[in-house]
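Morning, everyone. I have one structure to go through today, so please look at the screen.

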Amino acid sequence: MRLAICFIALLATNPAKAFPVERCINLGAAMEAPVEGDWGYVIEEPHIAEIAAAGFDTIRLPVRFSAHWDGMRLSAQILARTDQVIAWADAHGLNTILDLHHFEEMVANPSSHADDLIKIWRSLSEHYRDAPETLMFELFNEPHDAFITERAVPLFAHIRQMIRDVHPDRWIITGGGNWNSLDEMLTLPPQGPRDVRTFHYYDPWEFTHQQAAYLPNPPPPSNWGSAEDRARLAADMARAAAAMADGPVFLGEFGVYAATEPSQRLDWISSVRQAAQANNLPWCYWGFSQGTEVGFSAYDTVSETWEPGMRAALVP
C-alpha cells in the first residue's frame, strides 16, 4: 500500500511519468495517402506483430480523414479500416496514437475549414466512445503555412474540451506551428491532465532530407556527426525535456531519407533515439515502411526483414 501511495504521489508531481508511450513507430505512407496503397504501402497484421516483437509499445497511425469526409460524416469504409488496424494493435499489446494527417485544405485556409476539423473530431470522438484507453488522439499533424500556432492553440483547446466531454481520461496530443517544430511547441501554454505536447525532429533538414526524390529541389548529399552536430542535438533534446515540468512531451517523428549514406543514417537515428531516452522523452520513429518506394523505411515489406542495422538503432 505504501508503495502504491508513493507511486500515485510521483505521478501527481510529475505528470509526464504517466504517459504510457516510450518506444513508438509511425505507420506512415499507408492511410495518410488519399487511398491506402497509393504510396506503395498497405498495413497488414503481420507488420503489427513484427513491431510488437521488436520491442515497440506504440504505433502512430496517420490517417487522411479529410479525404473521407463529405461535410457531414466520415465514410464507413475508413472507419472500418481504422478500427481494424487499432484492433490489430490492441491484440498485440500496442497502444495506438490516431493522428489526423494531411488536412491540406486546413493549412491553406484555416478559417474556411476549422468547422470541418471540429466536426471530424466530433465524429471520431463519438465513434471511439467505448475504445480502450490504449487509444490516444492526436488532433492535427504538423500545422504550417496559414495554420500558425496562434490559430491552432484556441482551436485545439475547443476540440480538446469537446473530446473531454466524452473522453475525460483519454490522452490527447497537440503540437505547434511550423511543422510541429520544437521552438513552436515550447510556446504552447501548459495544458491539463492527459494532455501531451508534441514536436517533430528532422534537424538538420538538409541532412535528413538529402536526395529525397519527392522534393522539387532535394538537398545534395551531406554529412552529420561532428562535435557541433552532437552538441546541438543534445541541447535540443534538453530544451524539450525541460518543458516536461508542465506535462508530458512527445517526440512524434524523426527519421532520415534512405538515400543517405547508410552508416551516417544509422548514426543520426541512433543518436536522436539515445538523446531522447537520456532526457526521458518518449519517441516515435518515422516510419515503419513505404512498401516498394524509397523513403524513410525501417522495415522492408518485400523481404519481410528490418533494414540493415535499423532495428539495432531503434530498439537494441
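Predicted model: local features only at pLDDT ≥ 70, side-chain atom pairs only at ≥ 80, totals over all residues.

Let me start with the disulfide. A disulfide is a covalent bond between the sulfur atoms of two cysteines. The structure has 1 of them, and the partners are Cys 24 and Cys 284, with 2.2 Å from S to S. Where do Cys 24 and Cys 284 lie? Cys 24 is in strand S1, residues 23-26, and Cys 284 is in strand S8, residues 283-285, so the bond ties together parts that are 260 residues apart in sequence. The torsion about the S-S bond is about -40 degrees, so this disulfide is left-handed. Are the two cysteines buried or exposed? Cys 24 has a relative accessible area of 0% and is buried. Cys 284 is also at 0%, and it counts as buried.

Next, helix H5, which covers residues 110-127. With 18 residues at 1.5 Å a residue, H5 should span 26 Å. The C-alpha atoms at its ends are 25 Å apart, which agrees.

Which residues of H5 are buried? They are Pro 110, Ala 114, Leu 117, Ile 118, Ile 120, Trp 121, Leu 124 and Ser 125. Looking down the axis of H5, these buried residues fall within an arc of 165 degrees, so they line one face of the helix. The spacing in the list is worth a thought. An α-helix has 3.6 residues a turn, so residues three or four places apart point the same way. As for what covers the buried residues of H5, the list includes helices H3, H4 and H6, along with strands S3 and S4.

A search of the whole structure gives 2 cavities of 30 Å³ or more. The largest cavity has a volume of about 60 Å³. H6 gives the most to its lining, with 5 residues, and strand S5, residues 172-175, supplies at least two. Among the lining residues are Phe 156, Arg 160, Thr 174 and Gln 191.

Then there is the largest pocket, with about 1,100 Å³ of space. It is lined by 38 residues, and those nearest its centre are Glu 142, Trp 179, Tyr 202, His 209 and Tyr 214. Which helix gives the largest share of the pocket lining? That is H10, with 3 residues. Other elements that each supply at least two include H4, helix H7 and strand S6.

That is the end of my list.

Conventions: Residues numbered from 1 in each chain as written. Heavy atoms only, no water. Disulfide = S-S within 2.5 Å. Helix = DSSP H or I, 4+ residues; strand = E, 2+ residues; numbered from the N terminus. Buried < 20%, exposed > 50% of the residue type's maximum accessible area, 1.4 Å probe, protein only. Expected span 1.5 Å × (residues − 1). Arc of directions from axis to C-beta. Contact = heavy atoms within 4.5 Å. 1 Å grid on protein atoms, 1.4 Å probe; cavity = no way out; pocket = protein on both sides within 12 Å on 5 of 7 lines; lining within 4 Å. Points joined across faces, edges and corners; volume = space filled by probe spheres on them.
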